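Let's take a walk through a protein chain together. Have a look at the fold before you read on.

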Amino acid sequence: MRIKVLETGRSEYRKKAVRSKECPFCNPSNLKSQECKSLSGKEWAVIINKYPYMDGNLMIISRRHVEHVSSLNSAEKGEFFEILNGVIEKLGKLFTTNDFNVGLNLGKNAGASVKHLHWQVIPRKNKILNSANIFADLFVITMPPDKLRKIIDKK
Ligand SMILES: [Zn+2]
């Protein structure tokens, strides 16, 4: 059985992002409140997803406003996999898994709500059965994004 859950926060965010001319990833106060500095680099920032698809959902965003892979410069291309590897290692330890979804939605028709290039990184493991998902194909977010950020950046 597959269930769709009404998640008003995400849909409001998508509507606002589509209408707004301001890029949320270029907004310094958003970056300040979402960045996991211990995983970020010079060219790429690692941020929490305020509306996670699943527990541990981080995003890797270019520091420069870039909308297409073809616009990345050599420094950005060179650093990307180093950052991705760091994110995977950290999330793998935190969520005790070697399995991940790493995804890029390129363009509105592909599902991108924000034009600024961003990769979603989501650790995957077997569902933990609890009262909310035992009868349905449903994942429940158990770790608030701000808590994830604090755990990642604690010394
Ligand atoms: Zn931007």
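Here is a short tour, from the whole chain down to single residues.

Keep in mind that this is a predicted model. The chain has four helices and four strands, and starting at the N terminus they come in the order α-α-β-β-α-β-β-α. Out of 155 residues, 39% are buried.

Now for the metal. Which residues hold the zinc ion? Cys23, Cys26, His65 and His116 do, at 2.0 to 2.2 Å. Along the chain, these donors follow the spacing C-x2-C-x38-H-x50-H. Cys26 and His116 link distant parts of the chain, as they are 90 residues apart. Cys26 belongs to the loop between α1 (8–19) and α2 (28–34), while His116 belongs to the loop between β3 (99–104) and β4 (118–124). The arrangement is tetrahedral because the four donor atoms subtend angles of 103 to 118° around the zinc ion. For comparison, the ideal angle for four tetrahedral donors is 109.5 degrees.

| Residue | Relative accessible area | Class |
|---|---|---|
| Cys26 | 39% | partly exposed |
| His116 | 0% | buried |
| Asn49 | 5% | buried |

Asn49 deserves a stop too: you'll find it in the loop between β1 (44–48) and β2 (58–62). A polar atom of its side chain lies 2.8 Å from the backbone nitrogen of Tyr51. The Asn49 side chain also makes a polar contact with the side chain of Asn57, at 3.1 Å.

Conventions
Residues are numbered from 1 along each chain as its sequence is written. This is a predicted model: local features need pLDDT of at least 70, side-chain atom pairs count only at pLDDT 80 or more; totals for chains, interfaces and linings use all residues. Side-chain values use heavy atoms; hydrogens and water are left out. Helices (H or I, at least four residues) and strands (E, at least two) are DSSP runs, numbered from the N terminus. Buried means under 20% relative accessible area, exposed over 50%, partly exposed in between (1.4 Å probe, protein chains only). A polar contact is a pair of N or O atoms within 3.5 Å; within protein, one must be able to donate a hydrogen and the other to accept it, and residues adjacent in sequence count only if both atoms are side-chain atoms. Donors are N, O and S atoms within 2.8 Å of the metal (3.2 Å for Na, K and Ca); water is not among the atoms, so sites may look incomplete. Four donors count as tetrahedral if all angles lie between 85 and 135 degrees; four count as square planar and six as octahedral if opposite donors are over 155 degrees apart and all others between 65 and 115; anything else is irregular.
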